[in-house]
Amino acid sequence: MTSLEFMLILGAALFCLGLYGVLARRNAVLVLMSIELMLNAVNVHLIAFARYVAGTEAIAHVLIIFVITIAAAEVGLALAIVLRMFRNWETVNLDRISTLQQ
Amino acid sequence: MIAAAILGAVGIITVAGAVGVVATRSVVYAAVFLLLSLVGVAGLFLMMLAEFIALAQILIYGGAITIVLLFAIMLTRAPEQAHQQDNQQRPLAAMACFGLFILLTATALSTPWRTRDASSDPMAEFTALSELLFSDFLIPFEIASLVLLVALIGAVVLTRSGREGA
């Protein structure tokens, strides 16, 4: 197994664990953490391709800068929404929150 | 040989942290496991000679995002927190994710990658990154700052106390 394949399998494991968390977790904050795991898995893949695969050199680094920026914005906004949800319904259980009304 | 051992250790730390995030019942422990996993990912970046990305990873994910998540956990403490954190679609989700993992692994192993010799200059990627960021990607770079500003204002508006009619 080459280093590239090791990194790709590691990234795949991270992504699948994150996807499992998104699908199976009930708490909105835990779902957000799982989304962070998936974003990181994509970053690992991008860096692995930039390092080991021909023709993808520096562009992956630029993409990762943008991914991290958007992830930071996403976490800030999503946690604001979670706090709002908690204020309205006194719960962050996603199974209980099935309406967009107050 | 030593590099391979370090790589394996960092990989195990990363995956163990991720397993902790999706397996633990305590939300606070999940945040700590997430921090472990994110620092592990920063280690992977370092092993692939992406020092700047590794630093940004530790600063933004390890510092900012984990702290914000911990704040959200503390502010949303409900009595139900001690109960089961997984919903009833767990077996199906586990099967689907395992299937996806098998598929991705098989793809990674069977694709004939056009690999290249890794450059020995540790600053090469960094220089190329900065040149690209301030030439071809200048406009997206500026728009990213706008996105952050909008997210900041949006977060303030959303969390403001709703008493004044908001």
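Let's start with chain B. Take contacts there between residues at least 6 apart in sequence: 47% of them join residues at least 24 apart. Keep in mind that this is a predicted model.

What is chain B built from? Six helices and zero strands. Read from the N terminus, the order is α-α-α-α-α-α. Chain B holds 166 residues, and buried ones make up 25% of them.

The average pLDDT of chain A is 86. A score of at least 70 is reached by 95% of its residues. Where in chain A is confidence highest, and where is it lowest? Helix H1 of chain A comes out highest, at 91. The lowest is helix H3, residues 59–89 of chain A, with a mean of 88.

Let's zoom in on one residue, A:Cys16. It sits in helix H1 of chain A, which covers residues 3–24. Is A:Cys16 buried or exposed? A:Cys16 counts as buried, because it has 26 C-beta neighbours inside 10 Å. The cut-off for buried is 20 or more.

Which residues does A:Cys16 touch, once we leave aside its neighbours within four places in sequence? A:Cys16 is in contact with B:Cys97, B:Leu100 and B:Phe101. Look at the letters: those partners belong to chain B.

One more distance. A:Cys16 and A:Ala41 are 25 residues apart in sequence. In space, their C-alpha atoms are 8.9 Å apart.

To recap A:Cys16: a buried residue, placed in H1 of chain A, with contacts to B:Cys97, B:Leu100 and B:Phe101. Find A:Cys16 in the structure above, then follow those contacts across to chain B.

Key
Residues are numbered from 1 along each chain as its sequence is written. Chains are lettered from A and ligands numbered from 1 in the order in which they are written. This is a predicted model: local features need pLDDT of at least 70, side-chain atom pairs count only at pLDDT 80 or more; totals for chains, interfaces and linings use all residues. Helices (H or I, at least four residues) and strands (E, at least two) are DSSP runs, numbered from the N terminus. A residue is buried if 20 or more other C-beta atoms lie within 10 Å of its own, exposed if 12 or fewer, and partly exposed in between; C-beta atoms are placed from the backbone. Two residues are in contact if their C-beta atoms, placed from the backbone, lie within 7 Å. pLDDT is the predictor's confidence in each residue, from 0 to 100.
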